[in-house]
Amino acid sequence: MAYRDFKHPDDKPSRDAPTGAGAGRSVQTRLVGGSMALRRAHGHAPNLQGTWLFDPIFREQDLEALKAWCAPTDPRPLVVEIGFQRARFARAYCEQNPDVRFMGFEVRKKFCEDADAWLVAGDVTNARLALVDAREALPLLVPAGTLDTLFAFFPDPWWKKRHMKKRLVSRDFAADAADLLKPGGELVVKTDVEGYADWAEGELRAESRFDVERLADTTAGLPPTQRERRCGIHGRPTWAIRAVKRADESTSETSDSALR
Ligand SMILES: C[S@@+](CC[C@H](N)C(=O)[O-])C[C@H]1O[C@@H](n2cnc3c(N)ncnc32)[C@H](O)[C@@H]1O
């Protein structure tokens, strides 16, 4: 079944839905590992070790350090990657763009520690990595309208209908991304699942603040991710979608009031 055949489930809000900006609308989101608050109350601290690796759930000082890293008072562009895995893309991108602030999110601890070691081995100093679901952490760390670039590469497709809530790209995600991005800022999504590309394009087009295009150059002019490299080796096609936030609207409030 292709994603475009799926209908949105009319679900009740999840008990672990995000609590930051845009919380009211993120009713279909199921956070990976549960919300930060629930994990703090009931989970175990993972005792993360790393130079550029942060635990904003269990260490208050890490949360504060990441807020400072993402603060708009820093003039360097802020670039976020969701799901950095082993940071193969993050390191290559930071090497090519030493003047940006890179902020990566990943929900699996074993990837985080590998990723940190990979950045250290490459002498990359302009990246910070966090073990947390990006959907909840982003509104806590990044003030609305201040993000330059958001990357979501090869998100898990979650094929089954009952797993739809776990998909990263959704209308709520598109609205949250549009809240965070600066006017002119961009979101790039890549996938190797054609149905997911159709789905993601549709969800992003539903967000009125975005201009959306399917890219003919599926690299989007960026270094390849680990998954993308593997697709290349096996001759598997990939798709890329770019959503640019229009310069004339900066918050959901302005677009809502424009509709009234
Ligand atoms: C299929 S892998 C792709 C990895 C990498 N982007 C690439 O292209 O090689 C998706 C990754 O995203 C992570 N992930 C999924 N949902 C996430 C979320 N909400 N926040 C942060 N990481 C997430 C997963 O743990 C996994 O490592």
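Q: Leaving aside its neighbours within four places in sequence, which residues is G184 in contact with?
A: In this predicted model, G184 touches V244, K245 and A247. G184 itself sits in strand β6.

Q: How far apart are G184 and R246 in sequence, and how far in space?
A: Along the chain they are 62 residues apart, yet C-alpha to C-alpha the gap is 5.8 Å.

Q: Is G184 buried or exposed?
A: The idea is to count the other C-beta atoms within 10 Å; 12 or fewer makes a residue exposed. G184 has 10 of them, so it counts as exposed.

Q: What holds strands of a sheet together, and which way can they run?
A: Strands pair through backbone hydrogen bonds, either parallel or antiparallel. Here, β6 (residues 181–191) and β8 (residues 239–245) run antiparallel and are joined by six bridges. Look at V188, for instance: its bridge partner in β8 is R242.

Q: Which helix packs on the sheet by touching β6, β7 and β8?
A: That's α7 (residues 194–205), and its direction makes about 10 degrees with that of β8.

Q: In what order do the eight strands of the open sheet come?
A: Read across, they go β1-β4-β3-β2-β5-β6-β8-β7, with mixed pairing. At the edges you'll find β1 (53–54) and β7 (210–214); each has a single partner strand, so one side of each lacks a neighbour in the sheet.

Q: Which strands does helix α3 touch?
A: Helix α3 (residues 88–96) packs on the sheet against β2 (78–82), β3 (101–106), β4 (127–131) and β5 (147–153). Its direction makes about 175 degrees with that of β3.

Key. Residues numbered from 1 in each chain as written. Predicted model: local features only at pLDDT ≥ 70, side-chain atom pairs only at ≥ 80, totals over all residues. Pairing = 2+ DSSP bridges. Helix = DSSP H or I, 4+ residues; strand = E, 2+ residues; numbered from the N terminus. Contact = placed C-beta atoms within 7 Å. Axes fitted to C-alpha atoms, helices over the stretch in contact; angles between N-to-C directions. Buried ≥ 20, exposed ≤ 12 C-beta atoms within 10 Å, placed from the backbone.
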